[in-house]
Amino acid sequence: MKIIQLTDTHLMPSGIVVNGVDPERQLRAAVADIVEKHSDADLLVMTGDLCNHGDPEAYAILKDILAAVPFEIRLMLGNHDDRRNFVAAFPDQPRDDNGFIQSFIDTDAGRLMFLDSHEAGVIGGIYGDDRLEWLERTLATAGDLPVTVFIHHPPMDTRIAHFEHIGMHDDGAIMQRLHRHAPGVRHIVFGHIHIPLAGTTAEGIAYSAGQACSHRFITDVDSPTPLWTGGNPCYRIIDLDRTGLRAYGVEVGEAATGRAPVCEGP
Ligand SMILES: [Fe+2]
Ligand SMILES: [Fe+2]
């Protein structure tokens, strides 16, 4: 299964720059590249902070850009989003019984789960009993399927100083439940931190984040106030099957400086 992950697109009404970057231009370039090179993908997942202030105009731009994508799309909320404006723009995106943007897809490679950690007015993630009940039920009905989890806020400590107080505010509840899923958790895929990260929990669950499509930080894990910067639009190709998961970072617009030699063996 080929999944494309876009994260932290932070769209604004046309022409408005965010931290020195034009988010609409970034996303249009990324999606054009995805459509050109990966029309065989099975799924596009956008792991939150779709829009910078959740404006209806920004969601309309997102809808316009995504019209070119020829495969299934799952959109997820981040702290910068606006739930009401999102639902108005994308009424067909699945929701759980409580109205949270949570859903799952069963595949040959197990169950994909999409969790909603958005809470209006909170920068960090919220995942209370009203959402944990869905998580509990969805893991229980997964039976012997391994799961792969998508969520905006990392549900573990990433040890990045800037995110120390704006990570997931759940006292570890999500991870505790995921660790109990006997068939295993293949991977936790998230956004929010705007820089690439890969790690493993003490219990052995692998996790990773992709580079933000829009602005990102100059990587400095110890600074509580790292510096914003721009760069090429980015997305990830996630290759998932029964043998596991591989994620490849893509930068749109890289210029070639040569060609790799053909490998002719030892
Ligand atoms: Fe973000
Ligand atoms: Fe975020």
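His10 is placed in the loop between β1 and α1, where helices (H or I, at least four residues) and strands (E, at least two) are DSSP runs numbered from the N terminus. The structure is a predicted model, in which local features need pLDDT of at least 70, side-chain atom pairs count only at pLDDT 80 or more, and totals for chains, interfaces and linings use all residues. Residues are numbered from 1 along each chain as its sequence is written, chains are lettered from A and ligands numbered from 1 in the order in which they are written, and side-chain values use heavy atoms, with hydrogens and water left out.

- The phi of His10 is near 50°, a positive value in a residue other than glycine.
- Most residues other than glycine have a negative phi.
- Asn19 also lies in the loop between β1 and α1, and its phi is likewise near 50°.
- Asn19 counts as partly exposed, because its relative accessibility is 38%.

**The iron site**

- Four residues coordinate the iron ion (ligand 2) at 2.1 to 2.3 Å: Asp49 (OD), Asn79 (OD1), His152 (NE2) and His192 (ND1).
- Donors are N, O and S atoms within 2.8 Å of the metal (3.2 Å for Na, K and Ca); water is not among the atoms, so sites may look incomplete.
- The angles among the 4 donor atoms of the iron ion (ligand 2) run from 90 to 160°, and the site is irregular.
- Four donors count as tetrahedral if all angles lie between 85 and 135 degrees; four count as square planar and six as octahedral if opposite donors are over 155 degrees apart and all others between 65 and 115; anything else is irregular.
- Asp49 coordinates both the iron ion (ligand 2) and the iron ion (ligand 1), which are 3.5 Å apart.
- Distant parts of the chain are linked here: Asp49 is in the loop between β2 (43-47) and α2 (56-66), while His152, 103 residues apart from it, is in the loop between β7 (147-151) and β8 (168-169).
- Both Asp49 and His152 are buried.

**The sheet of 5 strands**

- An open sheet with mixed pairing is formed by 5 strands in the order β3-β2-β1-β14-β15; two strands pair if DSSP finds at least two bridges between them.
- β3 (72-76) and β15 (244-251) are at the edges with a single partner strand each, so one side of each has no neighbour in the sheet.
- Strands β1 (residues 2-6) and β14 (residues 234-241) run antiparallel and are joined by 4 bridges; Ile3 has Ile238 in β14 as its bridge partner.
- Helix α1 (residues 23-37) lies across β1, β2, β14 and β15, and runs at about 170° to β1.
- Axes are lines fitted to C-alpha atoms, for helices over the stretch in contact, and angles run from 0 to 180 degrees between N-to-C directions; contact means heavy atoms within 4.5 Å.

**The sheet of 6 strands**

- The order of this open sheet is β4-β5-β7-β9-β11-β10, and its pairing is mixed.
- β4 (103-107) and β10 (197-200) are at the edges, each with a single partner strand, so one side of each is without a neighbour in the sheet.
- Strands β9 (residues 185-190) and β11 (residues 206-209) are parallel, with 3 bridges, and Ile188 has Tyr207 in β11 as its bridge partner.
- β10 and β11 are antiparallel, with 4 bridges, and form a hairpin with 5 residues between them.
- Gly204, in the turn of this hairpin, has a positive phi of about 95°.
- Helix α4 (residues 129-140) lies across β4, β5 (110-114) and β7, and runs at about 170° to β5.
- Arg111 is in strand β5, and it counts as buried because its relative accessible area is 4%.
- Leaving aside neighbours within four places in sequence, Arg111 is in contact with residues including Phe104, Asp106, Thr138 and Pro146.

**Cysteines**

- The whole structure contains 0 disulfides; a disulfide is a pair of cysteine sulfur atoms within 2.5 Å.
- For Cys51, the nearest cysteine sulfur is that of Cys213, 12 Å away.
- For Cys234, the nearest cysteine sulfur is also that of Cys213, 7.2 Å away.
- Cys51 is buried at 0% relative accessibility, and Cys234 is buried at 4%.

How values were computed: Buried means under 20% relative accessible area, exposed over 50%, partly exposed in between (1.4 Å probe, protein chains only).
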